[in-house]
Amino acid sequence: MLAYLVRRLTYGVGVVFGVLLFLFVLFFTVTSPDDVARKALGERVPPAVIEQWKANHGYDQPLFPGPGAWTENMLFEHYRRMLTFDFGRSDADDTPIAQRIRSGMMPSLTLTLPLFGLSLLTAIPLALLVAFFRETYIDRLGVVISVLAMSVSILLYIIGAQYVVGRLLHWFPISGFDSDPQLIVRFLALPLLVGVLAGIGGDVRFYRTVFLEESNTDYVRTARAKGCGEGRIMARHVFRNSLIPLLTRIILAIPFLFMGSLLLESFFGIPGLGAITVDAIQGNDFSVLRTMVYIGSLLFVFGQIVTDLSYGLVDPRVRLE
Amino acid sequence: MEAHIVSNAVVGVLLVGLAALVVGVRRSRLWSDAFREIWVRRRGAICVIALYLTVALLDSIAWVGGMADGKDAVARHQAQSLIDRLFVDSQERSYSAPLAAHEFYGGAPLERPGSHLLGTDLIGRDVFYLSLKGARVALLIGGLTSLLAIPLALLFGVPAGYFGGRLDDVVFFVMSTLASMPGLLLLIALIMVLGKSTLAICFALAVTGWVGFCRVARGETLKLRELEYVSAARALGVSESRILLRHILPNLMHLVIITFVLMFSGLVLSEAILSWLGIGVDGSWGQMIDQARNELSRDPVVWWNVAAAGAALFGLILSVNFVGDALRDTLDPRTIREAE
């Protein structure tokens with residue numbers, strides 16, 4: 001177990017190093033610091049100003065290690081900064097990136113945590129229901145509705161909900177955010193509705209196939225043969241044994257809750273990490289974007305290790321070696 | 001060489017490829033039976049896809065000249081597709097509702113009253129025309145990206161699964177690295193660095209999309225490698241490359257087809273999101289939906305632009321999803337689901 005954990009962690013660190021190398025190639029060699037400076041300052045600035053800007057943002061060292069500059073180069077700096085969480089200042093507006101990320105985390109979580117919970121609480125019971133009525137018209141109808149729901153672009157859900165609920169019915173504000181817990185419910189209602197709607201088709205379909213696969217197994221047939229009720233089979237046999245594929249999907253999603261939702265946040269005016277990322281895209285802010293990719297992959301690697309470990313907890317047959 | 005000639009040539013090559021594929025399918029008992037079953041189950045959806053394909057094809061064949069003397073002098077010297085030619089001189093000055101005779105705001109008379117089936121947009125372009133042109137963009141994004149991603153995935157996944165060892169370790173590490181970056185963020189980062197051309201966007205989509213299929217291809221190859229007929233071929237002294245090409249690759253083809261179809265709808269939907277973020281492909285439905293941001297907050301509301309683009313997008317994705325489902329059920333009920 002311990003040996004497994006150590007091996008798994010080492011591999012995780014390797015992957016994070018790989019991600020950092022990829023980001024370096026993308027953000028330092030494919031676009032050079034000079035390009036970034038010109039994007040921030042404008043095309044027609046004198047070279048001296050560009051050099052000054054690069055010095056201010058810590059981009060003024062040679063890119064690769066060489067004689068006399070084994071540690072004073074951008075590659076080393078890039079790894080050092082990212083691994084010590086010293087993200088520096090934004091390319092576009094000079095604000096400290098770490099501070100922006102800290103301030104964006106809470107608004108993101110206030111949206112994504114309830115969204116995550118609500119999605120699970122609607123999709124899993126619905127999928128169980130559909131799987132319970134398998135090979136009937138209810139099942140077929142459920143699948144068709146899921147595919148219909150999946151085929152609508154999330155943009156249309158957002159536009160539709162804002163227009164119908166916000167503008168025609170005036171039930172909820174169209175966008176905005178407030179830290180006051182009483183007001184926040186009104187602001188979150190619409191993004192939550194859209195988020196659940198946009199995900200539910202794919203989720204129900206996925207969980208349904210998982211449940212159906214489990215209900216074709218021998219022990220389910222045995223249970224049925226000895227006279228177990230269908231409801232009891234679903235709850236005790238099918239659902240419990242489906243936990244492994246469910247957990248894979250669920251635990252892996254948890255770390256990403258911190259990242260917020262790019263579209264929902266930027267649309268509904270929630271000042272979370274997703275909205276920060278969208279601002280970075282619109283402002284050509286490479287430093288923020290690269291930090292977000294890095295944090296995202298850190299969370300993913302972490303989530304994957306937790307998922308692997310959780311298999312052992314859910315299913316005693318799994319040995320972690 | 002001029003752009004439209006290249007594009008015509010590409011269309012020609014694709015058509016020849018498609019014809020070869022159809023002939024190949026008809027020759028094989030297995031494949032023709034499978035496709036007959038899908039045709040029976042999903043006739044409607046297949047017809048809808050064929051309609052989109054036809055529109056995209058008509059919009060892809062372009063040539064210069066041969067236009068009647070219209071007001072649009074510029075268009076006569078540019079390459080125009082069949083669809084462009086049908087809508088020549090359809091430009092008005094501003095918004096007009098479907099089949100209206102006057103402009104939507106202000107009420108000035110239109111140049112061609114009642115001819116705009118789905119109205120016109122902000123700068124007076126016919127919305128029906130733009131919706132038709134969107135089909136080509138959507139199919140281009142889905143098709144080109146798949147043509148890049150699937151061969152890439154096979155190129156790395158199959159040898160990794162077959163030979164194992166160091167090669168497998170390296171491929172697996174690259175896959176884990178790419179997969180650990182949040183998909184949409186990686187996509188955005190790539191596009192911002194590589195530029196916003198159609199090719200760059202398709203390349204970025206391919207880089208983020210090939211990993212999923214690479215994992216499937218590797219896993220399936222691992223299984224196939226252990227089968228008796230592969231061992232038999234090896235024992236008979238068949239070379240490794242021949243085993244890969246003759247015994248492994250053909251048995252992955254059903255996965256290629258399923259992945260292609262399932263990937264396609266995801267790609268087109270991703271492009272819509274990219275358009276929304278301002279980094280999409282020009283002329284896509286996503287860009288038309290993007291304009292709805294301003295249009296729906298006007299008073300009275302301009303609804304036909306977003307409705308047309310949304311319906312066109314929904315129709316394509318829905319029929320592709322339905323066909324994809326049927327394909328998966330018919331060709332392979334298990335493997336792909338495990339990879340999700």
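# Briefing: a two-chain helical model

A:Ser310 lies in helix H14 of chain A. The model that holds this residue is predicted. Chain A has 14 helices and 0 strands, while chain B has 14 helices and 2 strands.

**A:Ser310 and its surroundings**

- A:Ser310 has 17 C-beta neighbours inside 10 Å, so it counts as partly exposed. A residue needs 20 or more to be buried, and 12 or fewer make it exposed.
- Which residues does A:Ser310 contact, leaving aside its neighbours within four places in sequence? They are A:Leu247 and A:Ile251.
- A:Ser310 and A:Thr122 are 188 residues apart in sequence. In space, their C-alpha atoms are 24 Å apart.

**The two chains in outline**

- Chain A contains 321 residues, and 33% of them count as buried.
- The C-alpha trace of chain A spans about 85 × 60 × 35 Å along its principal axes.
- Read from the N terminus, the elements of chain A run α-α-α-α-α-α-α-α-α-α-α-α-α-α.
- Take the contacts in chain A with a sequence separation of 6 or more: 68% of them are between residues 24 or more positions apart.
- Chain B contains 340 residues, of which 41% count as buried.
- The C-alpha atoms of chain B fill a box of roughly 80 × 45 × 40 Å, again taken along the principal axes.
- For chain B, look at contacts between residues at least 6 apart in sequence: 62% join residues at least 24 apart.

**Helix H1 of chain A**

- Helix H1 of chain A covers residues 2-30, which is 29 residues. At 1.5 Å a residue it should span 42 Å, and its end C-alpha atoms are 41 Å apart, so the two values agree.
- The buried residues of H1(A) are A:Val15, A:Val16, A:Val19, A:Leu20, A:Leu23, A:Phe24, A:Leu26, A:Phe27 and A:Phe28.
- What do these buried residues pack against? In chain A, they pack against helix H2 (33-41), helix H4 (74-83) and helix H14 (286-314). In chain B, their partners are helix H6 (165-179) and helix H7 (183-194).

**Where the chains meet**

- The contact takes 38 residues from chain A and 34 residues from chain B.
- On the chain B side, the elements giving two or more residues are H6, H7, helix H11 (253-276), helix H12 (285-295) and helix H13 (304-331).
- H13(B) gives the most to that side, with 9 residues.
- The residues on the chain B side divide into 25 nonpolar, 6 polar and 3 charged.

**Nonpolar cores**

- The largest nonpolar core has 143 residues. Within it, A:Leu289 and B:Ile188 have the most contacts.
- Helix H5 of chain B, residues 127-163, gives the most to this core: 18 residues.
- Leaving aside neighbours within four places in sequence, B:Ile188 is in contact with A:Ile281, A:Leu289, B:Leu277 and B:Ile279.

**Two packed helices in chain B**

- Two packed helices are described by the angle between their axes and the distance between the axes.
- Helix H3 of chain B (residues 43-60) packs with H5(B) at an angle of about 95°, and their axes are 8 Å apart.
- Angles of 65 to 115 degrees count as roughly perpendicular, so H3(B) is roughly perpendicular to H5(B).
- H3(B) makes the contact with B:Tyr52, B:Leu53, B:Val55, B:Ala56, B:Asp59 and B:Ser60. H5(B) brings B:Leu132, B:Lys133, B:Ala135, B:Arg136 and B:Leu139.
- The residues of this contact divide into 7 nonpolar, 1 polar and 3 charged.

**Loop residues with positive phi**

- A:Phe85 is not a glycine, yet its phi is positive, near 60°. A:Phe85 is found in the loop between H4 and helix H5 (97-132) of chain A. It counts as partly exposed because it has 13 C-beta neighbours inside 10 Å.
- A:Asn284 is not a glycine either, and has a positive phi of about 55°. A:Asn284 is in the loop between helix H13 (273-282) and H14 of chain A. With 15 C-beta neighbours inside 10 Å, A:Asn284 counts as partly exposed.

Methods:
Residues are numbered from 1 along each chain as its sequence is written. Chains are lettered from A and ligands numbered from 1 in the order in which they are written. This is a predicted model: local features need pLDDT of at least 70, side-chain atom pairs count only at pLDDT 80 or more; totals for chains, interfaces and linings use all residues. Helices (H or I, at least four residues) and strands (E, at least two) are DSSP runs, numbered from the N terminus. The expected span of a helix is 1.5 Å times one less than its number of residues. Two residues are in contact if their C-beta atoms, placed from the backbone, lie within 7 Å. A nonpolar core is a set of buried Ala, Val, Leu, Ile, Met, Phe, Trp, Tyr and Cys residues joined through C-beta atoms within 7 Å. Ala, Val, Leu, Ile, Met, Phe, Trp, Tyr, Cys and Pro count as nonpolar, Asp, Glu, Lys and Arg as charged, and the others, Gly among them, as polar. Axes are lines fitted to C-alpha atoms, for helices over the stretch in contact, and angles run from 0 to 180 degrees between N-to-C directions. Angles under 35 degrees count as roughly parallel, over 145 as roughly antiparallel, 65 to 115 as roughly perpendicular and the rest as oblique.
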